[in-house]
Amino acid sequence: AQSVTQLDSQVSVSEGVPVLLRCNYSSSFSPNLFWYVQYPNQGLQLLLKYISGTTLVKGINGFEAEFKKSETSFHLTKASAHVSDAAEYFCAVSDTVPETAGQLNTNLLRY
């Protein structure tokens, strides 16, 4: 079984400041971790993913996330926020074992 918990349901930031959206996961196996974004009036879009290998993952639009196994975290960050980043952000986990369900959770980033 696996789950994700996003610790901030809504985050307000100002233009040009760093962004942090926190995601902690629980997984019985080696997890696959994902961040998705949904901009207003648009569909869900994959922002970045961690499957294996390098623990610091770079995504689109300057976002990145670091897989920290010891802290069971996969926090999303961006060095400098832009007003166009206002959207809903979803953290997801899926075990590497086939045929197990994943879980999706959400953050709302406001400006």
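Me: Is Ser84 buried, partly exposed or exposed in this predicted model?
Reply: The model is predicted, so that local features need pLDDT of at least 70, side-chain atom pairs count only at pLDDT 80 or more, and totals for chains, interfaces and linings use all residues. Residues are numbered from 1 along each chain as its sequence is written, and side-chain values use heavy atoms, with hydrogens and water left out. Buried means under 20% relative accessible area and exposed over 50%, with partly exposed in between (1.4 Å probe, protein chains only). Because the relative accessible area of Ser84 is 45%, the residue counts as partly exposed.

Me: Which side chain does the side chain of Ser84 join in a polar contact of 2.8 Å?
Reply: A polar contact is a pair of N or O atoms within 3.5 Å; within protein, one must be able to donate a hydrogen and the other to accept it, and residues adjacent in sequence count only if both atoms are side-chain atoms. At 2.8 Å, the partner of the Ser84 side chain is that of His82.

Me: Where does Asn41 lie, and what is its relative accessible area?
Reply: Asn41 sits in the loop between strand 5 (31-38) and strand 6 (44-50), where strands (E, at least two residues) are DSSP runs numbered from the N terminus. Asn41 is exposed, its relative accessible area being 84%.

Me: What is the phi of Thr72?
Reply: Most residues other than glycine have a negative phi. Thr72, in the loop between strand 8 (64-68) and strand 9, is a residue other than glycine with a positive phi, near 45 degrees.

How values were computed:
Helices (H or I, at least four residues) and strands (E, at least two) are DSSP runs, numbered from the N terminus.
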